[in-house]
Amino acid sequence: MSRLDGFGPVAWRELSTVARTRSYLFLSVGLLAVFAGILRAGGGIGGGYVPAAVDLLLPLELLVPLVAVALGYRAFSGDNDDRSVLRTYPVSNASLVSGVFAGRLVGLAGIVGGPLAVVGVAVSLVGGPESRVFAVHRGIDSPVLFVRFIALTICFGAVVLAMTMAAAVVVRTGRAALAAALAILVAVVAGGDLLVLAGVTADSIGDEFLETALAVSPNAAYRGLVLETVVGVATDTGRAIDVTAAIAGLFAWTASSLAVIVIFVGRSEPVLSGIHRIVTDHVLEPALRSYEDARRDR
């Protein structure tokens with residue numbers, strides 16, 4: 001039997017779950033409303049594809065992780081924790097994890113990519129001829145650049161989704177999974193920027209550390225890739241990030257998170273419960289017995 005037997009049914013099951021959940025549809029509509037408000041305030045729709053991407057870049061650094069957390073934190077916890085049932089079927093851990101991830105990633109692509117596609121259509125209809133060329137920088141505005149922006153945004157969401165699922169797999173209750181996912185959210189949104197800020201303020205840290213921090217942090221890597229491959233192409237600006245290192249960093253986060261899920265998804269008890277049991281059996285109870293023995297000897 002192939003290690004990926006069962007991938008298709010599991011992925012379809014997860015995608016159907018996302019499609020049947022009305023709150024995800026409302027989430028997509030809410031994103032579209034937020035994008036419209038931001039672009040109306042910043043004038044991105046009339047300016048062209050690249051100005052629209054620039055206006056949406058910073059909000060997406062927060063909104064995409066929020067969507068990924070909403071989709072991923074209950075993938076292997078709470079009411080969705082049916083690992084004991086799925087293990088009775090001939091489905092390997094690799095098939096289960098890849099199917100769940102793929103199904104929810106397609107859902108994320110629809111929730112985030114759909115409103116962005118609407119924005120792209122609006123730019124093509126509203127943007128005037130003056131939005132096609134940046135006279136100052138001699139850069140060419142193009143829908144291809146906006147498609148690239150959407151693809152990078154979905155890739156960023158895939159990274160955070162994998163990290164959220166990895167955090168959720170170590171717990172079982174919904175509250176614990178939500179707490180772990182929120183910790184991932186804070187780390188993704190603020191962690192990389194804090195590293196960069198520390199590098200800027202520390203005199204002993206050079207440019208190499210800053211480039212590494214940008215490549216390692218998911219949100220900084222996403223921002224740098226957009227500035228380099230979307231904005232930089234149109235405006236002919238200087239290098240924003242090492243593209244190879246940023247792509248490698250995003251891939252490493254995704255692959256390592258999925259590997260963690262594959263390793264721990266087959267365990268009969270959550271990791272945190274196992275740690276609690278080990279600490280209780282081998283540390284707390286022996287210490288309590290020693291204390292009681294010492295009191296009796298007195």
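## Exercises on a helical protein model

A162 has a relative accessibility of 0%, so it counts as buried. Keep that residue in mind as you work through the exercises on this predicted model.

**Exercise 1. Find which helix holds A162 and which residues it touches beyond its neighbours in sequence.**

Step 1: A162 belongs to helix α7, which spans residues 143-168.

Step 2: Set aside everything within four places in sequence. The contacts of A162 that are left are F101, T254, S257, L258 and I261.

Step 3: Take a C-alpha distance. A162 and R104 are separated by 58 residues in sequence and by 9.9 Å in space. R104 will return in Exercise 3.

**Exercise 2. Decide whether V186 is buried or exposed, and find how far its C-alpha atom is from that of L62.**

Step 1: Locate V186. It sits in helix α8, residues 174-201.

Step 2: Apply the cut-off. Exposed means over 50% relative accessible area. V186 has 55%, so it is exposed.

Step 3: V186 and L62 are 124 residues apart along the chain, with 9.6 Å between their C-alpha atoms.

Step 4: Of its 298 residues, 41% count as buried.

**Exercise 3. List the salt bridges of the model and say which residues form a network.**

Step 1: Recall the idea. Side chains of opposite charge can pair when their charged atoms come close.

Step 2: The side-chain nitrogen of Lys or Arg must lie within 4 Å of a carboxyl oxygen of Asp or Glu. The model then has 3 salt bridges.

Step 3: Start at E14. Its side chain pairs with that of R13, at 2.5 Å from N to O. E14 also makes a salt bridge with R104, at 2.8 Å from N to O.

Step 4: Check the surroundings. E14 has 3% relative accessibility, so it is buried, and R104 is buried as well. R13, at 33%, counts as partly exposed.

Step 5: Join the pairs. R13, E14 and R104 make up a network of salt bridges.

Step 6: Turn to E61. It forms a salt bridge with R223, with 2.7 Å between the closest N and O atoms. E61 lies in helix α4 (residues 49-72) and R223 in helix α10 (residues 218-235), so the parts tied together are 162 residues apart in sequence. E61 is buried, with a relative accessible area of 7%.

**Exercise 4. Describe how α4 packs against α6 and against α2.**

Step 1: Get the geometry of α4 and α6. Their axes are 11 Å apart, at an angle of about 160°.

Step 2: Classify the angle. Angles over 145 degrees count as roughly antiparallel, so α4 and α6 run roughly antiparallel to each other. Their crossing is right-handed.

Step 3: Name the residues. On the α4 side the contact includes Y49, A52, L56 and L60, and on the α6 side R104, G107, L108 and I111 are among the partners. By class, the contact of α4 with α6 has 14 nonpolar, 3 polar and 1 charged residues.

Step 4: The crossing of α2 and α4 is right-handed. Y24, L27, L31 and F35 are among the α2 residues in this contact, and α4 contributes residues including D55, P59, L63 and A70. The classes in the contact of α2 with α4 are 15 nonpolar, 1 polar and 1 charged.

**Exercise 5. State how many helices and strands the protein has, and in what order the elements run.**

Step 1: Count the elements. There are 12 helices and 2 strands.

Step 2: The order is α-α-α-α-α-α-β-β-α-α-α-α-α-α.

Step 3: Residues 24 or more positions apart account for 81% of them.

Conventions:
Residues numbered from 1 in each chain as written. Predicted model: local features only at pLDDT ≥ 70, side-chain atom pairs only at ≥ 80, totals over all residues. Heavy atoms only, no water. Buried < 20%, exposed > 50% of the residue type's maximum accessible area, 1.4 Å probe, protein only. Helix = DSSP H or I, 4+ residues; strand = E, 2+ residues; numbered from the N terminus. Axes fitted to C-alpha atoms, helices over the stretch in contact; angles between N-to-C directions. Parallel < 35°, antiparallel > 145°, perpendicular 65-115°, else oblique. Left-handed = near helix turned anticlockwise from the far one by under 90°. Contact = heavy atoms within 4.5 Å. Nonpolar A, V, L, I, M, F, W, Y, C, P; charged D, E, K, R; others polar.
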